[in-house]
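Please have the sequence and the structure to hand while reading.

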Amino acid sequence: MNDSVFHRLYDQYHQDVFQFLLYIVKNRQTAEDLMHEVYVRVLKAYSRFEGKSSEKTWLFSIAKNVAIDHFRKSSVRKRHAFDFFDWEKQELRSNEALPDELVEMNDDMKQLLDVLDECTGDQKMVIVMRYFQDLSITETAQVLGWTEGKVKTTQHRAIHKLRDRLSGHSDRRQVHDEQQ
């Protein structure tokens, strides 16, 4: 990979990839560290990039794998055991305080991000890719290595779960406001 290709990829996609990682891990320093890992993997793997997907979906694929690896490592460290991390069933929950970029969001967006932590890892990835990063269903399927049908089903289930949780949050907030 020559420098100009690397710089073009970095310049064109680094903000999107960083933002994606930030939404997933909710920690600026961790997201920056993971960004470095993404681009190290890009350097190592670009010669094997066959162009079967766009460079953008390929980069998000790498970022997704880096994020999964991060949560697997964190999970193992926390439990001090080498149990299997079930990506499809585990929640991707970060206990970190929200970074400044997320703190500045409006209350509805913060509430959505909090509730998003209650989704499975698959659901969270799909929602972040589709609605925060504006990837199409096709692009999301390519990044995740899924069929478009699986993306649509996972998205549908995630939206349903988010609606249920958000309506519960607003009901509790309304009761709290009425008690004041």
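Axes are lines fitted to C-alpha atoms, for helices over the stretch in contact, and angles run from 0 to 180 degrees between N-to-C directions. Helices (H or I, at least four residues) and strands (E, at least two) are DSSP runs, numbered from the N terminus. The model is predicted: local features need pLDDT of at least 70 and side-chain atom pairs count only at pLDDT 80 or more, while totals for chains, interfaces and linings use all residues. Residues are numbered from 1 along each chain as its sequence is written, and side-chain values use heavy atoms, with hydrogens and water left out.

**Helices α1 and α2**

- The axes of α1 (residues 3-25) and α2 (residues 28-45) come within 9 Å and cross at roughly 140°.
- That angle makes α1 oblique to α2; under 35 degrees counts as roughly parallel, over 145 as roughly antiparallel, 65 to 115 as roughly perpendicular and the rest as oblique.
- The crossing of α1 and α2 is right-handed, a term for a near helix turned clockwise from the far one by less than a right angle, anticlockwise being left-handed.
- In the contact (heavy atoms within 4.5 Å), α1 contributes residues including Phe6, Tyr10, Phe18 and Val25, and α2 contributes residues including Arg28, Glu32, Tyr39 and Leu43.
- The residues of this contact between α1 and α2 comprise 16 nonpolar, 2 polar and 2 charged; Ala, Val, Leu, Ile, Met, Phe, Trp, Tyr, Cys and Pro count as nonpolar, Asp, Glu, Lys and Arg as charged, and the others, Gly among them, as polar.

**Helices α6 and α7**

- The axes of α6 (residues 121-132) and α7 (residues 137-144) cross at roughly 135° and come within 10 Å.
- Helices α6 and α7 are therefore oblique to each other, and their crossing is right-handed.
- Met125, Val126, Met129 and Arg130 of α6 meet Ile137, Thr140, Val143 and Leu144 of α7.
- The contact of α6 with α7 has 6 nonpolar residues, 1 polar and 1 charged.

**Aromatic pairs**

- Rings of Phe, Tyr and Trp (its six-membered ring) pair if their centres lie within 6.5 Å; planes under 30 degrees apart count as stacked, over 60 as edge-to-face and the rest as tilted.
- The count by this rule is 8 aromatic pairs.
- Phe49 and Trp58 form a tilted pair, 4.8 Å centre to centre with 40° between the planes.
- Phe49 and Trp58 are both buried, that is, under 20% relative accessible area, with exposed over 50% and partly exposed in between (1.4 Å probe, protein chains only).
- Phe6, Tyr10 and Tyr39 form one aromatic cluster.

**Cys119**

- Cys119 lies in the loop between α5 (107-116) and α6.
- Cys119 is buried, its relative accessible area being 1%.
- Cys119 and Lys161 are 42 residues apart in sequence and 7.3 Å apart in space, C-alpha to C-alpha.
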